[in-house]
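Dear colleague,

I am passing on the structure below, together with some notes on what turned up in it. Please read the notes alongside the model.

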Amino acid sequence: MRCHTCARPANVEIRRSRIAFCAGCYPHWFRARVQERIDHDRMFRRDERVLVAVSGGKDSLALWHALTRLGYRADGVYIRLGIGGYSRRSQEKCERFAEWHGLMLHQVDLEGSEGFVVPDLREARSGKPCAACGTVKRYHFNRVAAELGYDVVATGHNLDDEAATLFGNLVHWNIDYLGRQGPVLESTHPGLVRKVKPLYRLSERETAAYALIERIDYILEECPMAKGAKSLAYKAMLNSLEEQQPGAKYGFLVGFLKQGRAALPGTGFEPAAELRACARCGQPTTAEVCAYCRMADRGRRRRERARPPAGVDPT
Amino acid sequence: MGVMRVTILPEREVREVQARTVADLLLELGLHRDAHLVVRRDEILTGDVRLAETDEVEIYPVISGGGR
Ligand code: SF4
Ligand SMILES: [Zn+2]
Ligand SMILES: [Zn+2]
């Protein structure tokens, strides 16, 4: 196979488009796709400040790298989730990346500032904290962006993530979520910052290839809580289909965004008039106390119970 | 066609397989093409590349899980 741009031997093939690129030309193609999405979907302008939510994984670091190379003013934010050695190693990857590229990285330390860690939020039934972990991340990404005056939060969600989410929402017919799924979540309140996913049309394999070629040192290991996640089963199913029909994942997601979503009631971007400030933290919510604050209380109570009694504690 | 040794990351599990090309290799191991990158001497390989017994090949899984 030959490179589509320079005809040298290719390294990365894009099966859905029947083209391939050499390692020298591939990053240019990748960044051009990112730029195209930012412009076409009106994600942000050159004069806006972008906050990239980073986890230490390939997608978020590839996104931060690409935005920086494209000339955007993009800082990072990392949340210390407190998931043992995995969290320590992923934090180190983010810090090293920021240092190497001379970028600003904000951090939120759950244990230190909130008094709980993600494993405290395990559900009794599934034993997994993932749903709560998602709430924690969304809350703090938004809070940090709003407090520090960023115009937009960018996350590293890729084509495989988005297609798997769509598939899951269809399997369970979550009509409410379906109407809101998309690459841009507009701000509906001054305290809610716009959310964008510039990698949503690039596959997971394509972001990994970008990270490898650009020598981005990302964390290869998975979060230990991800084991057995439904999203992994959906991704495997979609990749089985992709094997037989290159482009199936892309067509599934992009077709939905172009045609399917319009047929659903409400896109969720109507101004949220009934939002008010959480009595505890001040973030926008529909309740008296926001979902995050109530969840954080549960986390702290769990942590309290797990702690050894006073007098035994060596500190 | 002889047997070649491949290393699968992140655990660096070593497997022995017979494969003529990169695409064959993944098929032989039962791995999805869109879920892996095959790397030889720091270079990513396309599916059509022919492999030799002496090649040192690494396979990078690219799929991350969990809710994000
Ligand atoms: S796998 Fe679950 S617990 Fe781990 S980072 Fe992802 S959402 Fe959080
Ligand atoms: Zn080229
Ligand atoms: Zn609150």
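**Notes on the structure**

A:R298 is partly exposed, with a relative accessible area of 48% (buried means under 20%, exposed over 50% and partly exposed in between, with a 1.4 Å probe and protein chains only). This is a predicted model, in which local features need pLDDT of at least 70 and side-chain atom pairs count only at pLDDT 80 or more, while totals for chains, interfaces and linings use all residues. Residues are numbered from 1 along each chain as its sequence is written, chains are lettered from A and ligands numbered from 1 in the order in which they are written, and side-chain values use heavy atoms, with hydrogens and water left out.

A:R298 sits in helix α11 (residues 291-306) of chain A, where helices (H or I, at least four residues) and strands (E, at least two) are DSSP runs numbered from the N terminus.

In chain B, strand β1 (residues 4-8) is largely enclosed by the rest of the structure, because 4 of its 5 residues are buried. β1(B) pairs with strand β2 (residues 13-17) of chain B in the antiparallel sense over 5 bridges, and with strand β5 (residues 57-61) of chain B in the parallel sense over 3 bridges; pairing requires that DSSP finds at least two bridges between two strands. B:R5 has B:E16 in β2(B) as its bridge partner, whereas B:V6 stands opposite B:V57 in β5(B). The hairpin of β1(B) and β2(B) has 4 residues between the strands, and B:R12 takes a positive phi near 60 degrees there.

Back in chain A, A:Q181 lies in the loop between α7 (175-180) and β7 (184-185) and counts as buried at 6% relative accessibility.

Best regards
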